[in-house]
Amino acid sequence: MLTDTRKSPCAKAVPLGSRDVTWTEGFWKEVEDTVFQNTVPTLQEMFDRADVSHVVENFRIAAGEETGAFAGTVFGDGDFYKWMESCMYDAVKTGNQDLLEQLDSYIDLIGRAQQPDGYLSTKQIIGEKAHNGTRRMGDINDFEVYNFGHLFTAAALYYRLTGKDSLLAIASRTADYLGRLYEEAERTGNVQTAVCPSHYMGLVELYRATGEKKYLELARQAVRLRDRVAHGLDDNQDRIPLRQQRKIMGHAVRANYLYAGIMDLYLETGDPDYRTVAESTFSDLLRHKIYLTGGCGALYNGASPYGNFFDHQLIHQAYGYAYQLPNVTAYNETCAGVGLVMWAYRMFLADPKAMYFDVIERVVLNNNLAAISLDGRKFFYENMLERKEKLEYKLVWDLHRTAYITSYCCPPNLARSLAEATEYAYALGKEETGNRIYTGLYGASRAQISLPSGAAFVLVQETKYPAEGTISFRFEEVKTDAPFELALRIPVWAAGAVLEIQEGENRRVQKLGEKQAGTYEVVTISHPAKTKITLTLPMRVRFTVADPMVEEDGGKAAVERGPLVYCMEKADLGDSCDGSLEGLMLLFDNGAGPSRYTKKDITILGKTVPALEGSMLWVRRPLQEALYAEMKPCIREEVPVQLNPYYAWDNRSSREDEDPDADAPMKIWFPVVW
């Protein structure tokens with residue numbers, strides 16, 4: 001399991017074992033197959049190639065088995081460990097012995113590159129051997145501790161999946177090195193921050209895997225030392241003492257990793273300040289700074305909202321001011337989305353509320369899946385909500401997915417997150433709710449479950465979600481009729497859901513109202529072998545509006561159906577509107593507007609996608625060449641349109657094909673005619 005809270009004193013839920021849940025068909029099975037068949041080998045090739053990422057080559061040079069200089073990114077080691085996680089799941093879930101042997105060979109190489117004192121970061125090891133002036137811990141932006149953290153997490157996971165402790169032994173030596181480093185920092189007061197602090201989560205997971213309490217204490221020490229950093233920055237969330245933080249700020253990946261890490265510490269220590277900080281910042285995020293797609297970190301470059309004229313701090317990949325959510329220039333780094341899933345999941349394990357899985361579902365199905373092509377081979381670093389055909393300025397990253405990104409942190413982070421998606425299907429309660437099963441991400445699956453009451457069975461879930469809203473549960477291989485509870489997540493948008501419980505000849509139907517939306521509906525099951533449960537979520541089309549304070553979306557709405565956010569691309573217009581998305585407006589019709597749209601399955605890159613067919617108003621405005629001009633009469637026409645799930649956009653063209661429409665327009669938010 002990714003986050004082992006079985007012995008965590010403050011956890012109220014615990015994941016099922018990594019091998020206990022299997023996707024059987026449908027949406028998540030397709031995603032998993034694509035990741036295993038295409039994404040994992042594509043990333044492996046990139047890491048293996050010395051002329052591309054140079055990552056494996058760096059380990060070989062550090063181990064003294066090749067000659068040459070360090071090349072690639074300073075965080076490449078950590079990104080390789082993230083890819084290894086996806087590879088572990090692939091090998092174990094598919095029984096691929098060859099892949100397991102390849103993993104073992106990589107682990108052996110990593111061990112040979114590790115220094116006698118436990119230090120392990122290839123740039124510095126290679127630099128020390130070359131006497132080129134490179135030194136350890138000389139620059140926080142060398143990401144050494146980030147590399148350590150991902151090593152710790154991968155090692156704990158490999159041990160749980162395979163029972164092998166080879167990577168765990170390497171990670172433990174590196175953690176011991178880090179412990180000596182922090183002891184020296186504590187003694188001298190010379191404290192550096194650690195950017196993208198993956199090591200908080202990593203150290204706690206290392207503690208959970210080894211039982212060595214020193215690693216938990218090391219995580220606590222690492223967090224404590226943050227407040228002793230001289231000249232801290234909001235970019236790294238270390239200007240304001242951690243226990244005083246209530247609003248989310250700074251670099252989005254660093255923030256999300258930080259708060260996920262302190263929730264891990266809360267789960268183990270019960271320190272109430274950790275939970276208060278995590279809950280407050282999470283609440284601030286949801287109320288003021290998250291996109292409809294679940295993307296976060298809106299700004300390419302921003303200024304800290306907590307600075308002032310005399311303390312002006314520039315921040316990149318930033319959480320900006322409240323309601324500062326631009327669409328064309330939305331940054332939304334993919335790693336921030338992955339980090340938000342980790343954070344929300346730990347919040348759930350501490351307090352199993354449906355709202356946390358609502359967030360996870362929104363982020364994964366929209367932002368994170370949009371970051372990878374439907375064939376699993378190309379990636380976005382940032383995730384815009386609107387693409388213009390022509391911009392008068394240049395953005396940092398490409399406006400289309402590419403196979404290799406210079407900053408290659410996002411593809412392996414995404415690969416491991418999607419490969420590990422079965423981890424988010426179910427969780428079990430603890431203590432007073434020890435016989436309760438919580439549903440998380442819905443998907444057709446089989447789950448092997450044993451409960452403290454003695455109940456043991458296979459829980460079978462059948463569904464075509466998220467394309468359709470019917471989700472059924474039945475129980476096979478039942479060993480006992482001991483009672484237990486099944487907690488069904490009713491998404492916040494699903495008021496009017498219908499729950500049907502069939503137990504033998506008895507059938508009960510219940511309609512769930514507004515109060516049940518966004519909560520768990522708990523069903524007590526006494527005779528699982530005779531019981532079938534069907535949950536039907538209302539998959540009506542909805543027009544969603546933003547808070548009026550979000551200036552970019554004033555007078556506009558987005559289209560949603562079920563958990564999916566929809567968008568429109570130029571290719572969806574056909575001959576309508578001269579191929580332009582400008583001037584298209586949603587017709588609200590006093591609430592009847594969404595009924596104009598019906599689901600229509602289409603095929604993109606061999607995948608079935610639940611599109612929507614309908615119509616919009618096209619307002620043909622005179623061409624405007626000046627920045628401002630007097631409003632003139634317009635031509636109005638209702639035209640047929642198609643919208644597709646945002647996760648499926650940018651899959652019908654690519655620069656590699658030299659398609660002239662490779663950067664064709666895309667929009668989520670449209671003006672509304674009320």
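In the second largest cavity, α9 provides the largest share of the lining, with 3 residues. The structure is a predicted model, and the values below were computed from it.

**Second largest cavity**

- The second largest cavity holds about 60 Å³ of space.
- Its lining consists of Tyr-182, Val-191, Gln-192, Thr-193, Ala-194, His-199, Tyr-200, Ala-222, Leu-225 and Arg-226.
- Two or more lining residues come from each of α8 and α9 (213-226).
- Sorted by class, this lining comprises 6 nonpolar, 3 polar and 1 charged residues.

**Largest cavity**

- The count of cavities of 30 Å³ or more is 3.
- At least two lining residues are supplied by each of α6 (144-162), α8 (199-210), α12 and α14 (410-419).
- Helix α12 accounts for the largest share of this lining, namely 4 residues.
- The lining of the largest cavity divides by class into 6 nonpolar, 5 polar and 5 charged residues.

**Largest pocket**

- The volume of the largest pocket is about 950 Å³.
- A set of 24 residues lines the largest pocket, with Glu-582, Arg-621, Pro-622, Leu-623 and Gln-624 nearest its centre.
- Strands β20 (584-587) and β22 (607-620) each contribute at least two residues to this lining.
- Strand β22 gives the most, with 3 residues.
- The class counts for the lining of the largest pocket are 13 nonpolar, 3 polar and 8 charged residues.

**Second largest pocket**

- The second largest pocket has a volume of about 790 Å³.
- Its lining has 30 residues, and those nearest its centre are Leu-286, Ile-290, Tyr-291, Leu-292 and Arg-362.
- Helices α11 (272-289) and α13 (354-370), together with strand β17 (541-544), are the elements that each give two or more residues to this lining.
- Helix α13 gives the most to the lining of the second largest pocket, with 5 residues.
- By class, 17 residues of this lining are nonpolar, 4 are polar and 9 are charged.

- Five strands form an open sheet in the order β1-β7-β8-β12-β15, and the pairing is mixed.
- Strands β1 (13-15) and β15 (519-525) lie at the edges, each pairing on one side only.
- From one strand to the next, the twist averages 30°.
- Strand β12 (residues 484-490) pairs with β15 in the antiparallel sense over 7 bridges.
- In this pairing, Ala-487 is placed opposite Val-522 of β15.
- Helix α13, which gives the most residues to the lining of the second largest pocket, also packs on the sheet and touches β8, β12 and β15.
- The direction of α13 makes an angle of about 50° with that of β12.
- Helix α12 (residues 334-350), which gives the largest share of the lining of the largest cavity, lies across β1, β7 (426-429), β8 (436-439) and β15.
- Relative to β1, α12 runs at about 130°.

- Strand β13 (residues 498-503) is joined with β14 in antiparallel pairing over 6 bridges.
- Leu-499 faces Gln-510 of β14 as its opposite residue.
- The hairpin has 2 residues between its strands, and Gly-504 adopts a positive phi near 65° there.
- Strand β14 (residues 506-511) is hardly covered, with 0 buried residues among its 6.

Conventions
Residues are numbered from 1 along each chain as its sequence is written. This is a predicted model: local features need pLDDT of at least 70, side-chain atom pairs count only at pLDDT 80 or more; totals for chains, interfaces and linings use all residues. Side-chain values use heavy atoms; hydrogens and water are left out. On a 1 Å grid over the protein atoms alone, a cavity is a set of points where a 1.4 Å probe fits but cannot get out, and a pocket is an open set with protein on both sides within 12 Å along at least five of seven lines; lining residues have an atom within 4 Å of a point. Grid points are joined across faces, edges and corners, and a volume is the space filled by probe spheres set on the points. Ala, Val, Leu, Ile, Met, Phe, Trp, Tyr, Cys and Pro count as nonpolar, Asp, Glu, Lys and Arg as charged, and the others, Gly among them, as polar. Two strands pair if DSSP finds at least two bridges between them. Axes are lines fitted to C-alpha atoms, for helices over the stretch in contact, and angles run from 0 to 180 degrees between N-to-C directions. Contact means heavy atoms within 4.5 Å. Buried means under 20% relative accessible area, exposed over 50%, partly exposed in between (1.4 Å probe, protein chains only).
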